[in-house]
Amino acid sequence: MCAVSGSNAASPAPKTERANLYILAHPEGATELDILRNAGLSSGRNYFTDLEREYNFTFAREKIPNSDGIGGHLKYSFSSLDIAEIIITAVNKSRIHRKLVKFTPEQTAELLKPIKHLLGS
């Protein structure tokens with residue numbers, strides 16, 4: 001299974017799916033720039049707040065100063081298995097919309113490994 005697309009399919013997953021899978025794989029924190037660079041997207045904006053709005057939870061936010069000393073950016077993180085499961089629900093919703101099957105229990109267990117590792121379970 002491809003860690004970014006979440007499938008073995010040749011066609012890439014939609015942008016939101018790729019961003020959500022990246023967020024899920026990095027519960028210790030990710031920035032909009034991380035998504036831009038690592039999920040193959042031209043923008044990393046709004047993926048965190050879209051999840052928060054749609055599923056009624058809040059990511060932890062850490063303000064990181066820019067290297068030039070002007071302004072900064074936010075690092076979003078989560079430390080809850082419930083939030084990880086919500087993100088998987090969001091990805092599954094997208095997969096169903098694309099007429100793909102939901103993640104199998106084995107795939108879901110694999111996707112939950114980063115948060116379980118973070119939580120020490």
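Which residues of α4 are buried? The buried residues of α4 are I83, A84, I87, I88, A90, V91, N92 and R95, where buried means under 20% relative accessible area, exposed means over 50%, and partly exposed lies in between (1.4 Å probe, protein chains only). The structure is a predicted model, in which local features need pLDDT of at least 70 and side-chain atom pairs count only at pLDDT 80 or more, while totals for chains, interfaces and linings use all residues. Residues are numbered from 1 along each chain as its sequence is written, and side-chain values use heavy atoms, with hydrogens and water left out.

**Overall architecture**

- The protein chain holds 6 helices and 3 strands; helices (H or I, at least four residues) and strands (E, at least two) are DSSP runs numbered from the N terminus.
- Read from the N terminus, the order of elements is α-β-α-α-β-β-α-α-α.
- The radius of gyration of the protein chain is 14 Å, which agrees with the value near 14 Å for a compact globule of 121 residues; the radius is taken over C-alpha atoms, and the globule rule is 2.2 Å times the number of residues to the power 0.38.
- Along its principal axes, the C-alpha trace spans about 45 × 35 × 25 Å.
- Of the 121 residues in the protein chain, 37% are buried.
- The accessible surface comes to about 7,200 Å², and 53% of it belongs to carbon and sulfur atoms; such areas come from the Shrake-Rupley method with a 1.4 Å probe, and for residues only the protein chains shown count as cover.
- Among contacts between residues at least 6 apart in sequence, 52% join residues at least 24 apart, a contact being heavy atoms within 4.5 Å.

**The sheet**

- The 3 strands form an open sheet in the order β1-β3-β2, with antiparallel pairing; two strands pair if DSSP finds at least two bridges between them.
- Because β1 (30-31) and β2 (60-65) stand at the edges with a single partner strand each, one side of each is left without a neighbour in the sheet.
- β1 pairs with β3 (residues 72-77) in the antiparallel sense over 2 bridges: A30 stands opposite Y76, and T31 has K75 as its bridge partner.
- β2 and β3 run antiparallel and are joined by 6 bridges, with E62 opposite K75 and I64 partnered with H73.
- A hairpin is formed by β2 and β3, with 6 residues between them, and G69 in its turn has a positive phi of about 80°.
- H73 lies in strand β3 and counts as partly exposed, at 32% relative accessibility.
- Leaving aside neighbours within four places in sequence, H73 is in contact with T31, E62, K63, I64, P65 and N66.
- H73 and D50 are 23 residues apart along the chain, and their C-alpha atoms are separated by 17 Å.

**The nonpolar core**

- The largest nonpolar core has 27 residues, of which I23, L24, I35, L51, F59, F78 and I87 touch the most other members; a nonpolar core is a set of buried Ala, Val, Leu, Ile, Met, Phe, Trp, Tyr and Cys residues joined through side-chain atoms within 4.5 Å.
- Two or more residues of this core come from each of α1, α3 (47-55) and α4 (81-97), and α4 gives the most, with 6 residues.
- In soluble globular proteins, nonpolar side chains tend to be buried together.
- I35 touches A19, Y22, I23, G40, L41, G44, Y47 and F48, not counting residues up to four places away in sequence.

**Helices and their packing**

- α4 has 17 residues and reaches 24 Å from its first C-alpha to its last, close to the expected 24 Å; the expected span is 1.5 Å times one less than the number of residues.
- The buried residues of α4 pack against α1, α3, α5 (105-111) and α6 (113-119).
- In α3, the buried residues are Y47, F48, T49, L51, E52 and Y55, and they pack against α1, β1, α2 (32-38), β2, β3 and α4.
- N56 follows α3 and has a positive phi, near 60°.
- N20, found in helix α1 (residues 15-25), is buried, with a relative accessible area of 4%.
- Apart from neighbours within four places in sequence, N20 is in contact with Y47, L51, I87, A90 and V91.
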